[in-house]
Amino acid sequence: VYNVVDGMLTTNPGIAFIKWDCNRMMTNAYSVYLKDKQSHLYIDYVNSLYGVLERLRQKYPYLPVMLCSGGGGRVDYGALKYFTEFWASDNTDALERIYIQWGYSYFFPAISVCNHVTSWGKQSLKFRTDVAMMGKMGYDIEVDKMTENELKFSQNAIATYNRIKDIVYAGDLYRLISPYEENRAVMMYVNNTKNRAVLFGYTLNARYGETFNLVKLQGLDPAKTYKVQEINVSNEGRRGPGMGGPGMSQSGRSYSGDYLMKVGITVGSNTPLTSVVYEITE
C-alpha cells in the first residue's frame, strides 16, 4: 500500500490533494483453524494501517490528505493526526449538514471537519456556501454548469473565506441558537484576542408570522467597540432583515461588546433556507 501511494506521488509530483477512502472493516475474518490470536486481527490491521500512514507522513509531511471512511467509520482520533481533515458524511445537503456539523462540533474542531459546496439540496448557492464556511470549506461541484453570477459569487466567497478562516480554524466556538430548539441555527467563532469574530446564522424554517428574538453574542470584550458587517453577500436569496435583505440596518454599524452580548442583534428571517454571515471586527 505504501509503494502504491508513494509511487503515485513520485511519478506525479504535481498532485496537491489526496482523498484516502474506504479503510473499511474486514468481514468473514474468523477461522476455526487459527484459534490463537484471532482477537488480534482487527487491532493488528489498524496498527498496520497507521504504520503505512506514518511512513507516508514522514516523506510527505505537508500534503493535504482527507480521511474518508476511516476504519469503517468516518473518522477516528488515532488516524486523524495523519490527515488534514475528514469527510463528515456523504450527505452534503446543506440543511442536513447544519445538524451534522453542529453535532461534530462537540467533538472535533472546525479545522478538521471537511464541508463541501455541492449540487445537493434545493437551497441557494449562498446558503450552501454559508453552511460550508463554518468548517473546512471545499468545492465538490461542476463549475462549468455554474452561471456567470454563481461563478463570480463563488470566487468572491473563496477570497472572503481565506480572510476569515483563521478565526474559524483556531477561534473559540460559541453555539448561540441550537437547530434542535428553534427554526434557526446560530453559532460564532471568536479569536483569542477578542478583536475579530465571525457569526453564522441559518433560518431552517419559518412558521407563518413567526418572529425571532434578538441573538445575544458571546465571547466578546464588553469594553471594546465592534463593527458588524455582513459578508458573503449575494443578490440571490436577499429576503429580509438579518438575511442580507435591504432592511438589514445593523450591517456596517458599530456596537459595544457589552451591547452585543446583553441586547444582541437580528439573525433570522421569515423566509426558510436563508442565511447570513457577519464579520465582527474591533
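This note walks through a predicted model of one protein chain, from the whole chain down to two residues.

1. Overall make-up. The protein chain has 282 residues. It holds 7 helices and 11 strands. Its C-alpha trace spans about 70 × 40 × 40 Å along the principal axes.

2. Of the residues in the chain, 48% count as buried. Residues 24 or more positions apart account for 67% of them.

3. Surface and charge. The accessible surface of the chain is about 14,900 Å². Carbon and sulfur atoms supply 52% of that area. The chain carries 30 positive and 27 negative charges.

4. A nonpolar patch. Tyr-30, Val-32, Tyr-33 and Leu-34 make a nonpolar surface patch of about 540 Å². Leu-34 sits in the loop between strand 1 (18-20) and helix 2 (41-59). Is Leu-34 buried or exposed? Its relative accessible area is 55%, so Leu-34 is exposed, the cut-off being over 50%.

5. A buried helix residue. Thr-129 belongs to helix 5, which covers residues 125-132. Thr-129 counts as buried because its relative accessibility is 0%, and the cut-off for burial is under 20%. Which residues does Thr-129 contact, leaving aside its neighbours within four places in sequence? They are Val-117, Met-137, Tyr-139, Phe-153, Ala-157 and Asn-232.

6. Leu-34 is exposed in a loop. Thr-129, by contrast, is buried and lies in a helix.

Conventions:
Residues are numbered from 1 along each chain as its sequence is written. This is a predicted model: local features need pLDDT of at least 70, side-chain atom pairs count only at pLDDT 80 or more; totals for chains, interfaces and linings use all residues. Side-chain values use heavy atoms; hydrogens and water are left out. Helices (H or I, at least four residues) and strands (E, at least two) are DSSP runs, numbered from the N terminus. Buried means under 20% relative accessible area, exposed over 50%, partly exposed in between (1.4 Å probe, protein chains only). Contact means heavy atoms within 4.5 Å. Accessible areas come from the Shrake-Rupley method with a 1.4 Å probe; for residues, only the protein chains shown count as cover. Lys and Arg count as positive and Asp and Glu as negative; His and the chain ends are not counted. The place of a charge is taken as NZ of Lys, CZ of Arg, CG of Asp or CD of Glu. Patches are made of residues with over 30% relative accessible area and no salt bridge: like charges are joined within 9 Å, nonpolar side chains (Val, Leu, Ile, Met, Phe, Trp, Tyr) within 5 Å. A salt bridge is a side-chain nitrogen of Lys or Arg within 4 Å of a carboxyl oxygen of Asp or Glu.
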